[in-house]
Amino acid sequence: MTRFDAIDLTRRTLTDEPVVVNLGHAAYELFAAGDRPLNFYTWGSMGLTSSIALGLALARPDRRVVALDGDGSLLMNLGSLATIAACAPANLLVVVLDNGQYGTTGGQATPTAGDADLEAAARAMGVRQTATVHDGQQLDRALEASRTIPGPWVIVAKVDESAPTAKPPLDCVGIKNRFMAALG
Amino acid sequence: MRQIDNHSGSDFRGPAIPRWAAGVSDGLWDGGCRQVVYVPDNPLSHILAAFERDHPLMRATLATREEEAVGIAAGLYLGGANPVLLMQSSGLGNTLNAVGSLLVAFQIPVVMVISMRGDPGEWNSAQVPMGRAVRPVLDALGVSHLSVDRDDEARDVVVSLAQLAFGTRLPVACLLPRRLTVPAGGGRS
């Protein structure tokens, strides 16, 4: 399963869920797979994707919120897992696209290429609903579980790097305004 | 009642709440803020106590690090809230890329209430370099800031900053100097 496959599979399961997506390749591939106003593309603030999604989930308990994070990025902000567990928003799903590398900056290995285990980290911080998936079928099952069992959920999707083919517009304020108007 | 229950208010039932802290709390409430994200310190705990006493509907979320708190606050804003960050000036140093590439770049307004270290009244030399950097760093990022210098102006300073933030969609900072927050000769962080 490539990162694009995982992103495409995840976004096909969504209806009106807002999505916060990590900067770089993850944002590029979500845009290529299917742009929509409810995608919040980050262009900086590496590490904060899950935190932005947490704030959104707390402000909007009526909406299911999805974060598409990366392994290198989540490793910058592991405390976020503790805060997510402590706040325990039932409406939050964090999908970690774990390719074991800093894909956007040239493919340097991250610690998850070795023994670092982000699902174990989430559990250690108190997140109870977690999964690690290695192919599309497993990801589909985990996503289905996340729709029926209240979260917060952390799904670690082990993926291969893929080559993005498009980029979202470099218009941060436009992305935000469009997102907030669609969220209502 | 707080909806977000990862912070126990019972820590803050204690001595009288200083006037400046009640003023900051009132200013944030009157400025339309209902969501606070914080990394604690001693002066800020007075503001949290004032929320408990005077504005119990204010929702407070504890973050593990100030940069993380910026992300949570940004998400709260995207979801329709007018968010507040409470942090020490040392913690501002932990937020800088997030303030620039998320709050300023996306025009996401947040009121940052920053209790100062390293300014007059400081006793710890390790706190001085970041304390001295606070205003130049905020200026470099384009974040407007104002300090509360007297007990009786706290509410009005905070209301005016909240108006600037949420009216013009920019992050702003309210600085709380040690001369305001720490009794003369006091040494608590």
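**Contact between the chains**

Two residues are in contact if their C-beta atoms, placed from the backbone, lie within 7 Å. In this predicted model, 26 residues of chain A are in contact with 27 residues of chain B. On the side of chain B that touches chain A, helix H3 (66-78) and helix H5 (96-104) of chain B each supply at least two residues; helices are DSSP runs of H or I with at least four residues, strands are runs of E with at least two, and both are numbered from the N terminus. H3(B) provides the largest share of that side, 9 residues.

**Fold of chain B**

Chain B contains 8 helices and 6 strands, arranged along the sequence as α-β-α-β-α-β-α-α-β-α-β-α-β-α. Of its 189 residues, 52% count as buried, a term that requires 20 or more other C-beta atoms within 10 Å of the residue's own, with C-beta atoms placed from the backbone. Among the contacts in chain B with a separation of 6 or more, 82% join residues 24 or more positions apart.

**Helix H5 of chain B**

The buried residues in H5(B) include Ala98(B), Val99(B), Leu102(B) and Leu103(B). Seen down the axis of H5(B), its buried residues fall within an arc of 110°, so they line one face of the helix; the arc is that of the directions from the helix axis to the C-beta atoms. These buried residues of H5(B) pack against H3 and helix H6 (128-141) of chain B.

**Basis of the model**

Residues are numbered from 1 along each chain as its sequence is written, while chains are lettered from A and ligands numbered from 1 in the order in which they are written. Because the model is predicted, local features need pLDDT of at least 70 and side-chain atom pairs count only at pLDDT 80 or more, whereas totals for chains, interfaces and linings use all residues.

Terms used. Buried ≥ 20, exposed ≤ 12 C-beta atoms within 10 Å, placed from the backbone.
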